[in-house]
Amino acid sequence: MGRRLFFLGVFLAHAIQAVANDWGMGEANSKIDPANIFRPLSTPAHEISTIAIFTLAITTVIFVIVSGLLTYSVVRFRARRIDDGSEPPQVYGSGPVEFAWTAVPVLIVFVLILTTARSTYTVQAARRPPGAVAVRVVGHQWWWEFEYAGLGIVTANELHVPVSDPRHPTPTFLDLESADVAHSFWVPRLAGKTDLIPNKANVTWIDPQEPGVFLGQCAEFCGTQHALMLLRVVVHPRDEWDRWVSAQRQPAAEDPSVANGRHVFESTACVSCHVVRGTAATGRFGPDLTHLMSRETLAAGAALNTAENLKAWIRDPAAIKPGALMPAMNLGARDLDDLVAYLATLS
Ligand code: CUA
């Protein structure tokens, strides 16, 4: 019993510490806190956070009243030895009390419905201002495709957007689709979960009010590698965003010193699943690799994008991400090195 209480105590202390950190009471943690639902930085996330805290406050008051009355009754009316054998007064029904315990919960639920409906409307009825960026997001097993309307940019897993100044909002609207099964787009500090459903387009939007990197995750079970369907949103200041756009619009780099690697790439099955603009690779089944090296991670966040990891990934994708739909190409050591050298030039 003593040990159990001890472990319960340790657990509670950790839980309180974690909540305190989440609420920003710990050390300044905005830099290391890229996925905290309690630190919203975008209108949809603000709306959700406000309504969550409001609901929590109301239910906390209810909890305190109910458990207080219960504790009082348990203590005050606990079993005692009664000598005269008499029973306490018996009460059967009370019109006013029954009316009160029906009307009060109905009123509380009505208030919660109204506030929730207002928040939902604020998020769903938002108009697209002229400066809005539009991105088509396609969920795949198990990675994210991002196609920027009108910019000719296609990238994967790392969504880049401009910061949105509340005085001149430049939100990013995301048209969500799925290439296979249901997925869900969730970046806790920017927006609530929105599902990506086959044959149905859903819409969400974000207007990040600070630059930075924000982490997200597929939030709908979608198969073996659901847990490694990570995503990150990189929010740029305006000038940096313009530079990112013009860099991504460039065709793939040409480097004669990696000609053999390019030949390996163009003469294997790589080309039937990947695009490298300006080459024979035009497959759309896997991520666009035109600017592969501009991404920080590989395989939807499963590994950092280093030459070593890239080589390990191509040699045997299943070793990094069991179940990944990319097959091992069984290349010879020399071809593999040359291929990695070629891919490393796709900046
Ligand atoms: Cu995609 Cu879970």
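Predicted model: local features only at pLDDT ≥ 70, side-chain atom pairs only at ≥ 80, totals over all residues.
**Rings, a buried strand and open space**

F265 is buried, and so is Y342.

F265 and Y342 form an aromatic pair, with 5.7 Å from centre to centre and 45° between the planes, which makes the pair tilted. F265 belongs to helix α5, residues 259–267, and Y342 to helix α9, residues 333–343, so this pair ties together parts of the chain that are 77 residues apart in sequence.

How many aromatic pairs does the structure hold? There are seven. Another of them is made by W144 and F185: their ring centres lie 5.8 Å apart and the planes stand at 90°, so this pair is edge-to-face. It also links distant parts of the chain, with W144 in strand β2, residues 143–148, and F185 in strand β6, residues 183–187, 41 residues apart. W144 and F185 are both buried.

As a reminder, a pair of aromatic rings is described by the distance of the centres and the angle of the planes. Y148, W241 and W244 are joined into a cluster by ring pairs. There is also a charge over a ring: the charged end of K193 sits over W186, 4.6 Å from the centre of the ring.

Now to strand β4, residues 158–162. Five of its five residues are buried, so β4 is largely enclosed by the rest of the structure. In a regular strand the side chains alternate between the two faces of the sheet. Here E158, H160 and P162 point one way from β4, while L159 and V161 point the other way, and all are buried. What does β4 run parallel to? Its partner is strand β10, residues 230–236, and five bridges join the two. E158 has R232 as its bridge partner in β10.

The largest pocket has a volume of about 580 Å³. It is lined by 30 residues, and the closest to its centre are H274, G286, P287, W313 and M326. The largest share of the lining comes from α7, with three residues. By type, the lining of the largest pocket divides into 23 nonpolar, five polar and two charged residues.

The second largest pocket holds about 370 Å³ of space. Of its 17 lining residues, T120, V123, Q124, T194 and T204 are the closest to the centre. Two or more lining residues come from each of α2 (43–76), α3 (95–124), β7 (191–196) and β8 (202–206). Which element gives the largest share of this lining? That is α3, with five residues. The lining of the second largest pocket divides into nine nonpolar, seven polar and one charged.

The structure holds one cavity of 30 Å³ or more. The volume of the largest cavity is about 40 Å³. Its lining is W143, E145, V154, V275, G283, R284, G286, P287 and D288, and these residues divide into four nonpolar, two polar and three charged. G286 and P287 in that lining are also among the residues closest to the centre of the largest pocket.

Note on methods:
Residues numbered from 1 in each chain as written. Heavy atoms only, no water. 1 Å grid on protein atoms, 1.4 Å probe; cavity = no way out; pocket = protein on both sides within 12 Å on 5 of 7 lines; lining within 4 Å. Points joined across faces, edges and corners; volume = space filled by probe spheres on them. Nonpolar A, V, L, I, M, F, W, Y, C, P; charged D, E, K, R; others polar. Phe/Tyr/Trp six-rings, centres within 6.5 Å; stacked < 30°, edge-to-face > 60°. Helix = DSSP H or I, 4+ residues; strand = E, 2+ residues; numbered from the N terminus. Buried < 20%, exposed > 50% of the residue type's maximum accessible area, 1.4 Å probe, protein only. Lys NZ or Arg CZ within 6 Å of the ring centre and 35° of its normal. Pairing = 2+ DSSP bridges.
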